[in-house]
Structure formats: structure tokens, C-alpha cells
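User: I am new to this structure and would like to learn how to read it. Can you walk me through it?

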Amino acid sequence: MAMLAVVLTACGSSIPPPSDRLATAEAAARSARELGADREPNAQLHLRLATEQIDQAKGLMKEGDNKRADLVLQRAGADAELSVMLAKENNARGEAEKAQEKVKNLKAGK
């Protein structure tokens, strides 16, 4: 049983740090912030989740648990990307509302 634990520990530590996935998740979170994810509640929620998961993954990487860190970063990346899409949708909705108001004003002769 002790040998199995040693083998499993050795296998877990042989996985390289998921640096690329970390960079991707951080970039997506940064994009969400820049797109105004804080102005849309659902986007803000997913951005917060992504940020928490990124922090958790960094801690796991420091502990050498790169496999779990990679899994957490997969979730972080998905949450960050969802936040980006929700922020983009919110921005598009705002632009559409402005355009509709402009058309309405043009039709009314304003």
C-alpha cells in the first residue's frame, strides 16, 4: 500500500505545470474585465468564479499538484470564456438599444 502511494505521488509530480492553460485562463479573465463583465451580473459571477479558480490553481501548482491545477484551470478557462461571451452579449444588447432609439427618433423627426 505504501508503494502504491509513492508511485501515485511520483506520477502526480511528473506532470509539468499547466503554465499555458494558466496564461489562457488569465487572458480570458482580463478580456472579460476589459469588456465590462462587471456591468452584467451573470458575467460578473463567472468572472469571479474564474478568478477564484485561477488563484486556487496557482496554490495547487505551488504544492506540486499540477494535475489538479490543470483541471481547475480548465474550469477557470470555461468560466472566463463564458464571462467574455456574456459581457459581449450585454454590450451588443446596449448597442442595439441605442440603434433602436436612434431609429425611433429619426422616425419621429427629432
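Analyst: Let's begin with one residue. The model is predicted. Arg21 has a relative accessible area of 36%, so Arg21 is partly exposed. Partly exposed is the class between buried, under 20%, and exposed, over 50%.

User: Where is Arg21 found?

Analyst: Arg21 is found in helix H2.

User: Which residues is Arg21 in contact with, leaving aside its neighbours within four places in sequence?

Analyst: With those neighbours set aside, Arg21 is in contact with Asp70, Leu73 and Gln74. Take Asp70. Arg21 and Asp70 are 49 residues apart along the chain, yet 7.2 Å separates their C-alpha atoms.

User: Now the whole protein. How many helices and strands does the protein have?

Analyst: There are 4 helices and 0 strands. Along the sequence the pattern reads α-α-α-α. The protein has 110 residues, and buried residues make up 27% of them.

User: What share of contacts in the protein between residues at least 6 apart in sequence join residues at least 24 apart?

Analyst: That share is 72%.

User: How do I read a pair of helices? Start with H2 and H4. At what angle do they pack?

Analyst: Look at the angle first, then the axes, then the residues. H2 and helix H4, residues 66-107, pack at about 25°, and their axes are 8 Å apart. Angles under 35 degrees count as roughly parallel. H2 and H4 are therefore roughly parallel to each other. Their crossing is left-handed.

User: Which residues make the contact of H2 with H4?

Analyst: From H2 come Arg21, Leu22, Ala25, Ala28, Ala29, Ser31 and Ala32. H4 brings Asp70, Leu73, Gln74, Ala76, Gly77, Ala80, Glu81, Ser83, Val84 and Ala87. Sorted by class, this contact has 10 nonpolar, 4 polar and 3 charged residues.

User: Next pair. How far apart are the axes of H2 and H3?

Analyst: The axes of H2 (residues 19-34) and H3 (residues 41-62) are 10 Å apart, and the packing angle is about 155°. That makes H2 roughly antiparallel to H3, because angles over 145 degrees count that way. H2 passes H3 in a left-handed crossing.

User: Which residues in H2 and H3 meet?

Analyst: On the H2 side they are Ser19, Leu22, Ala25, Glu26, Ala29, Ala32 and Arg33. On the H3 side they are Leu47, Thr51, Ile54, Lys58 and Met61. By class, the contact of H2 with H3 divides into 7 nonpolar, 2 polar and 3 charged residues.

User: That leaves H3 and H4. At what angle do H3 and H4 pack?

Analyst: The angle is about 160°, with the axes of H3 and H4 8 Å apart. H3 and H4 are therefore roughly antiparallel to each other. H3 passes H4 in a left-handed crossing. The residues of this contact divide into 16 nonpolar, 6 polar and 3 charged.

User: Which residues is Gln53 in contact with, apart from neighbours within four places in sequence?

Analyst: Those are Val72, Arg75, Ala76 and Asp79.

User: With which side chain does the side chain of Gln53 make a polar contact?

Analyst: The partner is the side chain of Asp79, at 3.2 Å.

Technical notes: Residues are numbered from 1 along each chain as its sequence is written. This is a predicted model: local features need pLDDT of at least 70, side-chain atom pairs count only at pLDDT 80 or more; totals for chains, interfaces and linings use all residues. Side-chain values use heavy atoms; hydrogens and water are left out. Axes are lines fitted to C-alpha atoms, for helices over the stretch in contact, and angles run from 0 to 180 degrees between N-to-C directions. Helices (H or I, at least four residues) and strands (E, at least two) are DSSP runs, numbered from the N terminus. Angles under 35 degrees count as roughly parallel, over 145 as roughly antiparallel, 65 to 115 as roughly perpendicular and the rest as oblique. A crossing is left-handed if the near helix is turned anticlockwise from the far one by less than a right angle, and right-handed if clockwise. Contact means heavy atoms within 4.5 Å. Ala, Val, Leu, Ile, Met, Phe, Trp, Tyr, Cys and Pro count as nonpolar, Asp, Glu, Lys and Arg as charged, and the others, Gly among them, as polar. A polar contact is a pair of N or O atoms within 3.5 Å; within protein, one must be able to donate a hydrogen and the other to accept it, and residues adjacent in sequence count only if both atoms are side-chain atoms. Buried means under 20% relative accessible area, exposed over 50%, partly exposed in between (1.4 Å probe, protein chains only).
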